[in-house]
Amino acid sequence: MAADVRALDVPGARLTYEVRGTGPLLLLMGSPMGAAYFADVADALAGRRTVVTHDPRGIARSTVDDPAQDSTPELRAADVAALLDALGAPVADVLGSSGGAVTALALAQQHPGRVRTLVAHEPPLLGLLPDAATHHARTELVVQTFHEHGVAAAWGAFAGAAGWEDDAEGPPVVDDDEGFARDSARFFAHELRGTTTWLPDVAALRAGAQRVVVGVGEESAALETAATSAALAGLLGVDVTPFPGEHGGFMEQPAAFAERLVAVLDD
């Protein structure tokens, strides 16, 4: 389905976002993944939902006034709240995946009442793990590897830290695409640390969303994000909800992922 591509000026940035379909409003978001990563699952959902995806500030088509500015969950959440305002939507259902799940949690926490059902799919909340210091040290090593050896080496270090070292799927494969290299550099230099060190306020989350669902890929058991998701679910007093595929299940199995998401939202 062809998307309606729009732009929105927010403090310090210009966001590009896409709107598809009809029905109740559903936002899909990643970090650092932009709208393109959600295109297939958005198409699969568009017959039943008005689906909005966007490129986070400084990623893909979204620009940022200060390239040295760090991308924090709070800042990205403010951008999403501005998107809701631009859409004239007081409230929406939200699926965030990976760092986008942290953005979505920050949105519900900071902007009470703007999120109806929040599906947090594999948020990398390393501070919730019992050995958090070890995981944070691995993140710092990834950032250091980027600064000393570049994007390809950093992705390799990231894959090992996240649990993909023996998994042929792994994170996105580094290629020669200029945009991918640029977005990866921003991720490692200005986004990864702030996303993985963010800690949720459970009381605020419960107040800010009607319902919080914690999703984990059925094939993600070996990943760091399976453990962080289980920790978050424990804090919230909810069960982990399985979703098709692995960390990127919305890309690997978009139709099945869409069906599972609709079932969760309609439950």
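## Helix α2

Helix α2 comprises 14 residues and spans 20 Å from its first C-alpha to its last, close to the 20 Å expected at 1.5 Å a residue, where the expected span is 1.5 Å times one less than the number of residues. Helices are DSSP runs of H or I with at least four residues, and strands are runs of E with at least two, both numbered from the N terminus. The model is predicted, so local features need pLDDT of at least 70 and side-chain atom pairs count only at pLDDT 80 or more, while totals for chains, interfaces and linings use all residues. Residues are numbered from 1 along each chain as its sequence is written, and side-chain values use heavy atoms, with hydrogens and water left out.

Within α2, the buried residues are P73, R76, A77, D79, V80, A81, L83 and L84; buried means under 20% relative accessible area, exposed means over 50%, and partly exposed lies in between (1.4 Å probe, protein chains only). Just after the helix, G88 adopts a positive phi of about 70°.

## Packing of α2 against α3

Helix α2 (residues 73-86) packs with helix α3 (residues 99-110) at an angle of about 70°, their axes lying 8 Å apart. Axes are lines fitted to C-alpha atoms, for helices over the stretch in contact, and angles run from 0 to 180 degrees between N-to-C directions. The two helices are therefore roughly perpendicular to each other, a term that covers angles of 65 to 115 degrees.

On the α2 side the contact (heavy atoms within 4.5 Å) is made by P73, E74, R76, A77, V80 and A81, and on the α3 side by G99, V102, T103, A106, L107 and Q110.

The whole structure contains 13 salt bridges, each defined as a side-chain nitrogen of Lys or Arg within 4 Å of a carboxyl oxygen of Asp or Glu. In one of them, D79 meets R57 at 2.7 Å, N to O. This pair connects helix α2 with the loop between β4 (50-55) and β5 (63-64), the partners being 22 residues apart, and both D79 and R57 are buried.

Another salt bridge joins D85 to R114 at 3.0 Å, N to O. Because D85 lies in helix α2 and R114 in the loop between α3 and β7 (115-121), the pair ties together parts that are 29 residues apart in sequence. R114 counts as buried at 15% relative accessibility, whereas D85 counts as exposed at 51%.

## A strand-to-strand pair

D93 in strand β6 (residues 92-97) and R116 in strand β7 are 23 residues apart, and their salt bridge has its closest N and O atoms 3.5 Å apart. D93 is buried at 6% relative accessible area, while R116 counts as partly exposed at 30%.

Key:
Parallel < 35°, antiparallel > 145°, perpendicular 65-115°, else oblique.
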